[in-house]
Amino acid sequence: MSSFFSEPLLHRDSTPPDSTSEPSTKRRRLVMDRDADTPSDAAHNLQALLRRLSGMGEFSSHGREKMESFLSGLSESADEGEQLVCLTELCNILSIGTEDTMPSGFRAETFVPLLVQCMRKEHNIDIMLLAARALTHLMEALPSSTAVVVAGGAVPVFCEKLLSIEFIDLAEQCLHALEKLSHEHGAVLLKEGALTAMLSYIDFFGIGIQRKVVHTAAVLCKRVPRQCFPMVQDIVPTLTNFLSYDDTKVVENAVLCFSRLVAGCADDEERLKQIVTERLIVGLIDLIAPKRDKAAEVKHDIGPVTASTILRTLSLSARASLTLTTIMLRVGILPLLAELLTASISPAATEPTSSASDGRMNISGSPPTGSPTTSAFSQSPTLGPSSSPNISFVASAVPPGTAQAILASGSGPAT
């Protein structure tokens, strides 16, 4: 091997590849040398190296024998030390496995019940953690195995570990597993109370896990069966709290949750009123309201997509319920909309006037000479001319794209 790599590259490439005088091994080396630098071959070689280091190569060549040893080691009658060894090796194999590299003899149906059984060993945290990790790696390596994991009864166990947190590492692993299941088995997760389980102790986790949890909640809120509505109703106060979080990603996913919930129950006013509370309306309005105090610290800066989602959610709620429309009027949504439109799309917000006779307001916010002192603010029931803010300041405080979102808010709910 060392002599081969020490040969000059020109000497190896000088012989035509179809030469019949070279031995077959030499020709294979030449082909390998020409193609070694392609990205696909580099990735293949790296994957082969990882398989060798993890034992995947042995598992592929002796799949049935290795699988039987795993099944025996994970059985209930096996010693816990043997179970730990088998779980560790299985996690290493599944962590880098794919549908192409897994042996044909590997069947998820035989492993999932044993792994779920291992997750119930309350006295041994190592076994529970490795079993949860193996289930997560299994769903990553074989996406089709998510149905097997659900059928094997893993979802109730994941929720149980989240409702009574004793080990934070195990809880985080259960959250990762539920996130994998949420995309295709959301109805099952809702029926098992996964939303409540994920959100009950969210403050115990770091910001990265919190983002993942609220994102998973948004996925589950996309299609909520009617029979699962009580489970969703229980977590509305928690989701509302997320609107005042410091992290923008958490806030945006919380807004997406409510947008999808409102879109799903817009045809049922009673259900809609249980989702859209006055506290929620105030929280949504506060997100798109201009920040007047420059000295105040802005917790988050929502983007135009989120601002549009908020306005569409409020618009859909107002169209579906007269009660909710009354609440919006009471908390002052009309003056806010007038202010946002005036500040964002009025020429006065961006174009100073050079003539006092053109009837437009100049950039400083004062009316031109000879023009009547009327504006959206003076016609507002709560904002008079004396409290009208400087237009240029309001324009800089309005979230980007808010005015365009107001104009497009009647186009339907965001999905």
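These are my notebook entries on what I looked up in the predicted model above.

**Ground rules**

I number residues from 1 along each chain as its sequence is written, and my side-chain values use heavy atoms, with hydrogens and water left out. Since this is a predicted model, local features need pLDDT of at least 70 and side-chain atom pairs count only at pLDDT 80 or more, while totals for chains, interfaces and linings use all residues.

**Entry 1: the whole chain**

I began with the protein chain, which has 26 helices and zero strands; helices (H or I, at least four residues) and strands (E, at least two) are DSSP runs, numbered from the N terminus. I then looked up burial, where buried means under 20% relative accessible area, exposed over 50%, and partly exposed in between (1.4 Å probe, protein chains only). Buried residues make up 44% of the 415 residues in the protein chain. For contacts, meaning heavy atoms within 4.5 Å, I noted that among those between residues at least 6 apart in sequence, 70% join residues at least 24 apart.

**Entry 2: helices H7 and H9**

How do the axes of H7 and H9 cross? Axes are lines fitted to C-alpha atoms, for helices over the stretch in contact, and angles run from 0 to 180 degrees between N-to-C directions. The axes of H7 (residues 80–95) and H9 (residues 125–141) come within 9 Å and cross at roughly 25°. That makes H7 roughly parallel to H9, given that angles under 35 degrees count as roughly parallel, over 145 as roughly antiparallel, 65 to 115 as roughly perpendicular and the rest as oblique. H7 passes H9 in a left-handed crossing; a crossing is left-handed if the near helix is turned anticlockwise from the far one by less than a right angle, and right-handed if clockwise.

I listed the residues that make this contact, among them Leu 84, Leu 87 and Cys 91 of H7 and Ile 127, Leu 130 and Leu 138 of H9. By class, the contact of H7 with H9 has eleven nonpolar, four polar and three charged residues, where Ala, Val, Leu, Ile, Met, Phe, Trp, Tyr, Cys and Pro count as nonpolar, Asp, Glu, Lys and Arg as charged, and the others, Gly among them, as polar.

Ser 145 sits in the loop between H9 and helix H10 (146–151), and with a relative accessible area of 3% Ser 145 is buried. Not counting residues up to four places away in sequence, Ser 145 touches Ala 108, Leu 138 and Met 139. I also noted that Ser 145 and Leu 135 are ten residues apart in sequence and 9.3 Å apart in space, C-alpha to C-alpha.

Is Val 157 buried or exposed? Val 157, which lies in helix H11 (residues 154–163), is buried, with a relative accessible area of 1%. Val 157 and Val 116 are 41 residues apart in sequence, yet 7.6 Å apart in space, C-alpha to C-alpha.

Ser 182 belongs to helix H12 (residues 168–182) and is buried at a relative accessible area of 3%. Leaving aside its neighbours within four places in sequence, Ser 182 is in contact with Leu 189, Thr 216, Val 219 and Leu 220. In the loop between H12 and helix H13 (186–191) I found His 185, which counts as buried at 15% relative accessibility.

**Entry 3: Tyr 201**

Tyr 201 lies in the loop between helix H14 (194–199) and helix H15 (207–220) and, at 33% relative accessibility, counts as partly exposed. Not counting residues up to four places away in sequence, Tyr 201 touches Leu 162, Leu 163 and Ile 165.

**Entry 4: aromatic pairs**

How many aromatic pairs does a search of the whole structure find? The search finds two, where rings of Phe, Tyr and Trp (its six-membered ring) pair if their centres lie within 6.5 Å, and planes under 30 degrees apart count as stacked, over 60 as edge-to-face and the rest as tilted. The rings of Phe 242 and Tyr 245 have their centres 5.0 Å apart and their planes at 90°, so the pair is edge-to-face. Phe 242 is buried, with a relative accessible area of 1%.

**Entry 5: helices H20 and H21**

Last, I looked up H20 (residues 278–288) and H21 (residues 304–320), which pack at an angle of about 145° with their axes 10 Å apart. The crossing of H20 and H21 is left-handed. By class, their contact has nine nonpolar, one polar and no charged residues.
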